[in-house]
Amino acid sequence: MSEISEAQRLQILHNLVAIPSVNDHEVQVAQYLKKLLADHGITSKILPVSGDRANLVAEIGSGQPVLAVSGHMDVVDPGDKRQWDSDPFALTERQGKLFGRGATDMKSGLAALVIAMIELHAQGQPQHGTIRLLATMGEEIGELGSKQLLDDGYMKDAAALLIGEPTGWYVAHAHKGSMDIRFTSHGRAAHSSMPEDGFNAIDPLLQLLQDGNHLFREMNTKTNELLGPLTFNTTIISGGHQVNSIPDLATAEVNVRTIPEQNNDRVEKELKRLVAIQKESGAQIDMDVYMSQPSRAVKGDSRLADLAAKLGQQASGKELKRGGIPPVTDASNLLAGKGPGFPFIVFGPGNATAHQVNEFVPKDMYLQFCDLYPQLFTAFLSPEK
Ligand SMILES: [Zn+2]
């Protein structure tokens with residue numbers, strides 16, 4: 001007998017999707033989860049971050065080892081709702097698929113983690129060790145929530161980490177890092193008939209971005225066996241305001257997806273060097289790395305990964321591949337100070353519809369993860385024979 005029926009499992013996901021925690025208001029998700037957990041005898045703590053934003057931490061069991069399991073409570077903007085076939089904040093079933101913002105990324109994973117806690121607690125599990133749920137705010141932009149949990153010491157005694165981001169039937173043990181960088185080029189305005197009186201802010205900025213493309217694309221030979229190559233892209237550019245004036249200001253923003261072989265520090269150093277080259281020719285360019293999350297890669301044959309692959313195969317009927325995924329997760333923060341031997345996986349229900357219109361999770365897969373997580377957590381925590 002399950003503590004929570006299939007109908008209730010679907011209702012919980014429905015309720016989570018109905019909370020529009022679009023890069024904000026995670027405290028409402030936390031309050032909902034706190035009540036749900038309390039209804040089943042599990043105490044939890046809401047840890048305020050700022051305004052309407054908070055993390056939530058809950059534990060079952062006691063002592064070592066501590067298995068940390070984590071999911072984020074925020075979602076990305078659904079965009080133009082008219083492009084959706086149904087209301088993004090009303091979980092809607094069509095042909096075995098559950099549609100809604102966060103259905104895949106990652107309210108289904110979060111719901112399955114919470115349901116696993118409740119099921120295990122009702123069975124008097126775990127009898128050995130602790131399961132610590134870390135529900136985070138702000139994962140989609142800046143990963144502030146996981147940074148706070150790290151700083152508050154919630155990973156210090158953790159023996160392993162599972163993040164329930166949507167991988168589907170795939171066990172990830174590596175992901176790329178990410179950097180957001182703003183370049184601001186200052187020039188001197190002049191009438192375009194007398195450009196010699198001014199300094200064009202756009203020219204050196206364009207050169208810098210070209211140099212970046214050259215360095216990180218054409219010249220780049222480094223690649224990670226799990227993650228592939230680093231990627232470098234200018235994503236925003238603006239400058240000037242009148243066609244017959246020499247522009248005195250131009251800005252560009254760049255997103256870099258890093259790999260262990262070319263980490264964030266290395267990229268920052270290289271870009272500083274490219275900025276210095278422009279400065280030598282009289283340009284004034286400021287560089288601001290306003291977001292920087294490192295890549296993570298641990299070995300893929302940890303006990304946690306082996307158990308996930310085995311249980312995933314039993315549930316799905318197919319052999320699970322293991323490897324890397326491109327997107328950053330809260331592990332960029334949570335794994336700080338842990339080595340490549342630390343058991344870490346990203347493993348949760350969902351698919352590649354994250355951040356898209358008509359995002360969905362297969363209903364079967366969501367329910368299968370609700371059953372799989374409790375087995376995985378107890379198997380990992382039970383002493384090795
Ligand atoms: Zn996510």
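Begin with helix α5, whose buried residues are P204, L205, L208, L209, D211, G212, N213, L215 and F216. Keep in mind that this is a predicted model. The helix covers residues 202–218, 17 residues in total. From first C-alpha to last it reaches 23 Å, close to the 24 Å expected at 1.5 Å a residue.

An α-helix has 3.6 residues a turn, so residues three or four places apart point the same way.

An unreviewed UniProt entry carries the annotation "domain: Peptidase M20 dimerisation" for residues 174–276. In the model, that span is 29% helix and 38% strand. Its end C-alpha atoms lie 33 Å apart.

Turn next to the open space. The largest pocket holds about 680 Å³. Of its 26 lining residues, E140, R257, P327, V328 and H355 are the closest to the centre. Strands β9, β15 and β16 each supply at least two residues of this lining. Of the contributors, β16 gives the most, with three residues. By class, the lining of the largest pocket divides into eleven nonpolar, eight polar and seven charged residues.

The structure holds one cavity of 30 Å³ or more. About 40 Å³ of space lies in the largest cavity. Its lining consists of A189, G240, H241, Q242, S245, I246, P247 and D248. Three of these residues are nonpolar, four are polar and one is charged.

Two loop residues complete the tour. T329 sits in the loop between β18 (321–325) and α8 (331–334). Is T329 buried or exposed? T329 counts as buried because its relative accessibility is 2%, against a cut-off of under 20%. Beyond its neighbours within four places in sequence, T329 is in contact with E139, E143, I163, E165, H175, F344 and V346.

G339 belongs to the loop between α8 and β19 (344–346). At 35% relative accessibility, G339 counts as partly exposed. Now compare G339 with E359. The two are 20 residues apart in sequence, and their C-alpha atoms are 35 Å apart in space.

How values were computed:
Residues are numbered from 1 along each chain as its sequence is written. This is a predicted model: local features need pLDDT of at least 70, side-chain atom pairs count only at pLDDT 80 or more; totals for chains, interfaces and linings use all residues. Side-chain values use heavy atoms; hydrogens and water are left out. On a 1 Å grid over the protein atoms alone, a cavity is a set of points where a 1.4 Å probe fits but cannot get out, and a pocket is an open set with protein on both sides within 12 Å along at least five of seven lines; lining residues have an atom within 4 Å of a point. Grid points are joined across faces, edges and corners, and a volume is the space filled by probe spheres set on the points. Ala, Val, Leu, Ile, Met, Phe, Trp, Tyr, Cys and Pro count as nonpolar, Asp, Glu, Lys and Arg as charged, and the others, Gly among them, as polar. Helices (H or I, at least four residues) and strands (E, at least two) are DSSP runs, numbered from the N terminus. The expected span of a helix is 1.5 Å times one less than its number of residues. Buried means under 20% relative accessible area, exposed over 50%, partly exposed in between (1.4 Å probe, protein chains only). UniProt positions are given in the numbering used here, feature names are shortened, and annotations may be inferred rather than shown by experiment. Contact means heavy atoms within 4.5 Å.
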